[in-house]
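Q: Hey, I'm new to this one. Can you walk me through it?

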Amino acid sequence: MADWVAGLRRRASLRARAGLSRNLRVRDATDAVIDLAGNDYLGLARHPAVVSATTEALRQYGLGATGSRLVRGTTTEHALLERDLADLLGWPAALVFSSGYLANLGAIRALVRADTTIVSDAHAHASLIDGCRLSRAETVVVPHASIAEFRSALAAAPGRAVVVTESIFSVDGDLAPLRELHAACVEHDAILLVDDAHALGVIGPRGAGGVAAAGLAGAANLVVTATLSKAAGASGGVVAGPEPLVKHLVDTGRTFIYDTALPPAVAAGARAGLALLRDADEARRELADRTRLAVAVLGDAGFEVSRPDGGVISVTAPGPEQAVAWAAACAAQGVAVGCFRPPSTPDNRSRLRLTVNTGVRRVDFAHALDVIVKEAP
Ligand SMILES: Cc1ncc(COP(=O)(O)O)c(C=O)c1O
């Protein structure tokens, strides 16, 4: 066998020995597990209105977008989705990318100039980290949610700074101190980029996310990104902000320009998801209620549990192997939970990562919590 293939095999076995092997789990359409692992917070991915809007657009446009956004890939569905997103998020303009990952890469690159320093939260998602790396700007990583550390990094930045954070963090579910971060940015003439991926649909007025919840929609020195792949039940990413930012991305954003557009049917489904999400206050109350229940049940059982502000809950496992065994034991009992291990955790802790999906029956959710407690290593 060629050397490089043997080398890859060796590295895989080292990862396996360290408990860091990853495996794809195939699910079929009839899969009946209780889902505490996906990001379909409001259970919209299979909602009849989402399915029917998607099917109708599929019938009209066919499957693929046939080209990049600047060539043949911008359809009426994309334009309407951008209008709806700008309206919901409270910004003059919004631009849809084919994923949240690409939206983050594009947004960060657009905000960086030759003299820019990026100041990033230590718990920032991989797509934000990669955005910082690709931008080639000097990046200072500060301890998680530490306003004092953000402030001193801003004060030390020689040129203009860009602060990068999530609103609801994707691993522990806690909310960043957005108002304080924004005030610090305004003071230092820095720009705050907030990834609202896990907050869109989950918190804020009409589910408009963490930035809107903080009263910062449309504020100066602020840019928002989000994904449509979570509470909106679809796929795709968005950057929202002032018109010139969107114009800049259309003219220069490589992850926008050199990428085939989101399929029009997905854009149509995402719009239907957004329309449902606006009116889902009752589901949001239920989501918050279930999150509190999970924290109480798992905390009472003696586990170290995060203090979530959204629908993500993290439960510490003793180590990577135990986390894998715990998740597998839950799966064997019909409960899907996330299993996060380094390098996918910001603090080297392995954990189960649970997400609340209000599409799951409440009785099943309660049963799933019992299973998690019973199957603990
Ligand atoms: C915080 C955060 N930002 C961005 C993304 C990327 O979004 P997408 O899956 O649409 O690429 C994710 C997860 O997928 C995420 O958790």
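Q: How many helices and strands does the protein have?
A: There are 14 helices and eleven strands. Keep in mind that this is a predicted model.

Q: Okay. What about the radius of gyration?
A: The protein comes out at 21 Å. A compact globule with 377 residues would have a value near 21 Å, so the two agree.

Q: And what box do the C-alpha atoms fill?
A: Roughly 55 × 55 × 55 Å, taken along the principal axes.

Q: How much of the protein counts as buried?
A: 51% of the 377 residues. As for the surface, the protein exposes about 17000 Å², and carbon and sulfur atoms supply 54% of that.

Q: Which contacts join residues at least 24 apart?
A: If you take the contacts between residues at least 6 apart in sequence, 72% of them join residues at least 24 apart.

Q: Switching to charges: how far apart are the mean positions of the positive and negative ones?
A: They are 5 Å apart, counting 38 positive and 39 negative charges.

Q: Now aromatics. How many aromatic pairs does the structure hold?
A: Two. In one of them, the ring centres of Phe 97 and Phe 256 are 5.5 Å apart. Their planes sit at 65 degrees, and over 60 counts as edge-to-face, so that is what this pair is.

Q: Where in the chain are Phe 97 and Phe 256?
A: In distant parts: Phe 97 is in strand 2 (residues 93–97) and Phe 256 is in helix 10 (residues 254–257), 159 residues apart.

Q: Are Phe 97 and Phe 256 buried or exposed?
A: Phe 97 is buried, and Phe 256 is too.

Q: What about the rings of Phe 303 and Trp 326?
A: Their centres are 5.1 Å apart with the planes at 45 degrees, so that pair is tilted. This pair also links distant parts of the chain, 23 residues apart. Phe 303 lies in the loop between helix 12 (281–300) and strand 9 (312–316), while Trp 326 is in helix 13 (residues 320–332).

Q: Why does Trp 326 count as buried?
A: Because its relative accessibility is 1%, and buried means under 20%. Phe 303 has a relative accessible area of 19%, so Phe 303 is buried as well.

Q: Which residues does His 123 touch?
A: Leaving aside residues up to four places away in sequence, His 123 touches His 144, Glu 166, Phe 169, Asp 172 and Pro 346.

Definitions and conventions: Residues are numbered from 1 along each chain as its sequence is written. This is a predicted model: local features need pLDDT of at least 70, side-chain atom pairs count only at pLDDT 80 or more; totals for chains, interfaces and linings use all residues. Side-chain values use heavy atoms; hydrogens and water are left out. Helices (H or I, at least four residues) and strands (E, at least two) are DSSP runs, numbered from the N terminus. The radius of gyration is taken over C-alpha atoms; the globule rule is 2.2 Å times the number of residues to the power 0.38. Buried means under 20% relative accessible area, exposed over 50%, partly exposed in between (1.4 Å probe, protein chains only). Contact means heavy atoms within 4.5 Å. Accessible areas come from the Shrake-Rupley method with a 1.4 Å probe; for residues, only the protein chains shown count as cover. Lys and Arg count as positive and Asp and Glu as negative; His and the chain ends are not counted. The place of a charge is taken as NZ of Lys, CZ of Arg, CG of Asp or CD of Glu. Rings of Phe, Tyr and Trp (its six-membered ring) pair if their centres lie within 6.5 Å; planes under 30 degrees apart count as stacked, over 60 as edge-to-face and the rest as tilted.
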